[in-house]
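Today I opened a new page in my notebook for a structure with several chains.

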Protein chains: 10
Amino acid sequence: MDRTEVTKKIVSVKVKKGMKWETIAKKYDASKEWVVAALLGQMQMTKKQAEITGKIFGLTDEEVAWLQIVPYKGSLPTAVPTDPLIYRWYEIVNVYGTTIKELIHEEFGDGIMSAIDFSMDIQREADPKGDRVNVVLSGKFLSYKTY
Amino acid sequence: MDRTEVTKKIVSVKVKKGMKWETIAKKYDASKEWVVAALLGQMQMTKKQAEITGKIFGLTDEEVAWLQIVPYKGSLPTAVPTDPLIYRWYEIVNVYGTTIKELIHEEFGDGIMSAIDFSMDIQREADPKGDRVNVVLSGKFLSYKTY
Amino acid sequence: MDRTEVTKKIVSVKVKKGMKWETIAKKYDASKEWVVAALLGQMQMTKKQAEITGKIFGLTDEEVAWLQIVPYKGSLPTAVPTDPLIYRWYEIVNVYGTTIKELIHEEFGDGIMSAIDFSMDIQREADPKGDRVNVVLSGKFLSYKTY
Amino acid sequence: MDRTEVTKKIVSVKVKKGMKWETIAKKYDASKEWVVAALLGQMQMTKKQAEITGKIFGLTDEEVAWLQIVPYKGSLPTAVPTDPLIYRWYEIVNVYGTTIKELIHEEFGDGIMSAIDFSMDIQREADPKGDRVNVVLSGKFLSYKTY
Amino acid sequence: MDRTEVTKKIVSVKVKKGMKWETIAKKYDASKEWVVAALLGQMQMTKKQAEITGKIFGLTDEEVAWLQIVPYKGSLPTAVPTDPLIYRWYEIVNVYGTTIKELIHEEFGDGIMSAIDFSMDIQREADPKGDRVNVVLSGKFLSYKTY
Amino acid sequence: MDRTEVTKKIVSVKVKKGMKWETIAKKYDASKEWVVAALLGQMQMTKKQAEITGKIFGLTDEEVAWLQIVPYKGSLPTAVPTDPLIYRWYEIVNVYGTTIKELIHEEFGDGIMSAIDFSMDIQREADPKGDRVNVVLSGKFLSYKTY
Amino acid sequence: MDRTEVTKKIVSVKVKKGMKWETIAKKYDASKEWVVAALLGQMQMTKKQAEITGKIFGLTDEEVAWLQIVPYKGSLPTAVPTDPLIYRWYEIVNVYGTTIKELIHEEFGDGIMSAIDFSMDIQREADPKGDRVNVVLSGKFLSYKTY
Amino acid sequence: MDRTEVTKKIVSVKVKKGMKWETIAKKYDASKEWVVAALLGQMQMTKKQAEITGKIFGLTDEEVAWLQIVPYKGSLPTAVPTDPLIYRWYEIVNVYGTTIKELIHEEFGDGIMSAIDFSMDIQREADPKGDRVNVVLSGKFLSYKTY
Amino acid sequence: MDRTEVTKKIVSVKVKKGMKWETIAKKYDASKEWVVAALLGQMQMTKKQAEITGKIFGLTDEEVAWLQIVPYKGSLPTAVPTDPLIYRWYEIVNVYGTTIKELIHEEFGDGIMSAIDFSMDIQREADPKGDRVNVVLSGKFLSYKTY
Amino acid sequence: MDRTEVTKKIVSVKVKKGMKWETIAKKYDASKEWVVAALLGQMQMTKKQAEITGKIFGLTDEEVAWLQIVPYKGSLPTAVPTDPLIYRWYEIVNVYGTTIKELIHEEFGDGIMSAIDFSMDIQREADPKGDRVNVVLSGKFLSYKTY
């Protein structure tokens, strides 16, 4: 058994029982974005979070133990994603990548926006011309230093 | 001559003269994010925008004409970016891709967040534990329909 | 269980019973192109469509539930398709890609032809020199805007 | 000198003089789709077509000779295109590829839709909800036979 | 079940029973080249051919049904083949590819040699310096036309 | 200077002067297939062949010297060829590769058909249903032996 | 069942019983290099060799039959090997490849060193500064000829 | 200027003057294998070796300086070599790689055969059935140790 | 059975029983770095080490035998790692690779730092600005020599 | 002009003048590791550092300006490095990657070792059995947090 199998079981139970991520996330003391990432096998859970998960999805003790292990991260099957929704994000990186790089460097100097000390918030914005997906990404700036 | 050479000249003049994107962007009636993307060869300019650009960077008539052509987009030299700042964005797509997909689909149903009817805003957020990069992405939701 | 397994079962039952896509599609209120794409795991079904599918192919309740989940799209096993029929389409993109780009941009300006607000119609055209496949693709034009 | 350089020159002259593909195409006895493909280096021209091209773009005799040679076809710089407009076509092949395969095979049996005995017509369709790009692809069906 | 599993079973039975392709092929009204390609999962069989196959290899009704479906073609596990015999053919394409292209174009003009309306014949030619493999490939020429 | 530049010059002169491979090949004591492969930079020429070439294409002494050096072979720019004519040959290897392997092994045992002690002959075969390209490949069989 | 599974079984039995390749190889009338390559699924065995193998590893009749079939060769899971020992050999090809090419061509003219009519001998050479692995590779030279 | 340009010049002068590697190598106190690898840009030369090289090929002082710098090694343009002679060596790694691994490990335990403390000797062996290329590779064994 | 399955079992037992690498490593006469690498399938164990492992993880005799075999090394599923922790190491190689090369060559001349005669020590260093990971890598220098 | 050209000039001047990194680095107030990385185009310099560099290497004002721009990082030409010294580091990531991951996670929990807030120190350690390269890597630990 490994973490991938636990993820498959979680998703399978969710579909079978017709559960929603939003409802599930409320049982944890965390944002829905973090909870979904964890349930999809990208984050390590604390003992308490893992036990909550165990109850929701009917997991065995070994499966609950796996949730407390740091997983091998990376949720996509190919280097260039084929799914249209996820591809659009890759396209943003491809088309706007150098723009993002220039603007962050001009404001902050040499360094990166952390993808670790990082949070994400996804919201619907009603719009008469068609609703919009609004996403706020917030990452600590980490600068290269001379040593 | 092609658009790539115009982009190289623009970047080269900017470095030579020590200009800043923020100052440059103020001469256009558009956000700094859009202007930088356009100057880095990812967007088509109107005649007026191209002429402004021509003046700022000392471009020839042919170079100004190129700015008004839709470019072959894609600003990165490799499928998986090697630059650490841009890689962190690719990592976000890789680690959080399926999370983003699940949450948008649960809220909106099958479809995508547009990368065309799309805008981006990059800001510094002061934080005593270290300043943060805040990015707001806003894209129209486009749904798959049965036909 | 995941969506891939449901797709495999659908295709397997179809072959076993010698069914035809055209006959199957008539049981839905949608084009044959959309129905086949959905049955091959590329589209999300409504509850009603999923139940029709469940009856046709003898699916379990869990399998019917999976059809109502947005799938991870992408139906080909390799980046460059090996199947000769599908490769010909990839070749069209490769040989005519820049032509398509130039003509659409000249007519519409910068933007894309949507692959989401999109429909497709495949028909046989009788021709004494050998019948032809006629395909009509229709996608909404989405334009890049300055922001 | 090779065909690629002739293509670059043609595109460069077109941008410099602000010409349009549609106006250019009218000077040939062929569809705009074919003419653009040929000018972008994907088709062989007849002597007469090459001479017309030579006049329009001010080419030398050697350049006119190159237009009459069958080119090494393939107009994209990467296996998976990065340009958003062209990517959408690749996405159609990726998402609908198996659907296209199933429907053509059900109608015609084993074989392919030719990408050689092939024509393409790109039109704007006015639509109050946003204009659409309509594309008609027509290819002869070629069947595998037992030998 | 899918076609790949049927192919595996056919090959497995052949090895188990020590059958030869040449003997097998004689039970069909087709060349040994075509029969082997079909049995290896690359061609669609008629009902009659599939039934013959069913008898030879002891297949179930579902397996016999699969043989009458157009398969997803492509018999090699990697883009560049690793098997030395098959690699030599890839090498021929690599080393002689442009030669083949030049000579066919000089003789026929722009177009391709069909890989669909195509047949192949493989024979041993005795030779005192070491026997030779002689292969005759015959494909219809299909020409690009102006439209 | 390297061999690639000599090849480019040869092809460029040929296009400029409107020469034909067939006429060129007659000036050598070898098949047109071999001569074209050599002129396209895939074969080593003898001193005499190189001098003939020098006269036909107006080469310098250094260029003539390069023709007598064994070249780094491989004439295609990508692992999977994009040119439709050459791709059809790759497709033959892909679709029929395992068939070719099985039939040659059944006839000859373990080993390969040489791509070195190899010749090729390309001919037009008139056919009322459309002329055909006939290609005869002949390669010595080399067997693996126990040592 | 296919050859890969037979290879896995052979390796598994060897580990289970703690056998050595050298002892195993002595039961055949062939070099240890050839025997190991054959047992690892790269060579075709004669009936007698296969039967010996059947006895040593306790194989079924079908497994013994598989050993007499020419395998799909290629023993590595990736194009660039990850195993350090095997990578060093790939590195030798990478670093010394053009050297090997130049020296063999200078001595023999255009052609190749056969990898089919080929043998290999691996020996330990005692050396006070650290023992050495000595490998002798011997392959027939096959020359390209004009045809 | 970089080392690659020096290598190109060396090879170009060699072709122009019709020199032979064997004759060149005799002017150094080293094997022909090592000298050719160094001249092809894979090895660092001492001051004395670089000066000898400068005289033979008419190099400038800067070019002679480059020969004394450790180069970025790797002499092949693609991960899988296209040149038939070099490919045969890659094929040996591919087909015999696991065999080599097993035999070296059985003799020496865990570790590698060095590609650094390594030498190579290439010789012609006359043989009535066709001359053979004999290559002796000798590399120090380096063992993994517990620490 | 192969080594990969033994590795999976070891990791699975460790998770199930909630064991720690540090505690496990103390039962061996080796560093924790080496023990973990060995347990993750990258190193060959001695008979004694394998038996200790068998007791800790409840392995069968065959599984204990596998631990004494040299494994096919390489612990990552993709050429560019997707896991953020491991990617950072790959990034170090990518960004600092040429720096490392220049400094080692300047100090030692041409050669490499061994990855075989190599050890690694990973420690936590307390730091008020955030604890640090300190890693010491020590590898024997192996120099290229003229032969 | 871009940063790559400045890097080439710096390296070229260094070779021409026979300078040493160690001597060069002493003119800056930073470690030799940082200075070399900056001179090889991986780090942004301050105005003062850039001016020092300009004097050492005789750079123009524009070149000095480029050194103060954040570069597009990534110093290797291929995803898997071909140079043996750099490959050994990639091999360490490949073989020990999961070991490093397990040990850091066990000590610190989920997160990464920073490659930005990072320093490196490369030293020679004399050793009678052959000198060793000792490298100390020190990176801040950054932990994933629930949000």
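**Entry 1: a bent helix.** I began with helix α6 of chain B (residues 84-108), which has a kink of about 65 degrees centred on B:Y96. The bend at a residue is the angle between axes fitted to the seven residues ending there and the seven starting there. Helices (H or I, at least four residues) and strands (E, at least two) are DSSP runs, numbered from the N terminus.

Before going on, I noted how to read the model. It is a predicted one, where local features need pLDDT of at least 70 and side-chain atom pairs count only at pLDDT 80 or more, while totals for chains, interfaces and linings use all residues. Residues are numbered from 1 along each chain as its sequence is written, and chains are lettered from A and ligands numbered from 1 in the order in which they are written.

Is α6(B) mostly covered or mostly open? I found it mostly covered, with 21 of its 25 residues buried. A residue is buried if 20 or more other C-beta atoms lie within 10 Å of its own, exposed if 12 or fewer, and partly exposed in between, with C-beta atoms placed from the backbone. After α6(B) comes B:G109, and its phi is positive, near 85 degrees.

**Entry 2: strands in chain A.** Next I looked at strand β2 of chain A (residues 132-143). The rest of the structure largely encloses β2(A), because 9 of its 12 residues are buried. Its antiparallel partner is strand β1(A) (residues 111-125), over 11 bridges; two strands pair if DSSP finds at least two bridges between them. One spot I marked was A:Q123, which stands opposite A:N134 in β2(A). The hairpin of these strands has 6 residues between them, and there A:G130 takes a positive phi near 125 degrees.

**Entry 3: across to chain B.** Which strand of chain B does β2(A) join? I traced 9 bridges to β2(B) (residues 132-143), and the two run antiparallel. Here A:G139 has B:V133 as its bridge partner.

**Entry 4: chains C and A.** I then laid chain C on chain A: a turn of 72 degrees and a shift of 0.0 Å along the axis gave an RMSD of 0.0 Å. That is the relation of a five-fold axis. Copies are superposed by least squares on the C-alpha atoms of residues with pLDDT of at least 70 in both. Within chain C, C:T78 comes closest to the rotation axis, at 8.3 Å (C-alpha).
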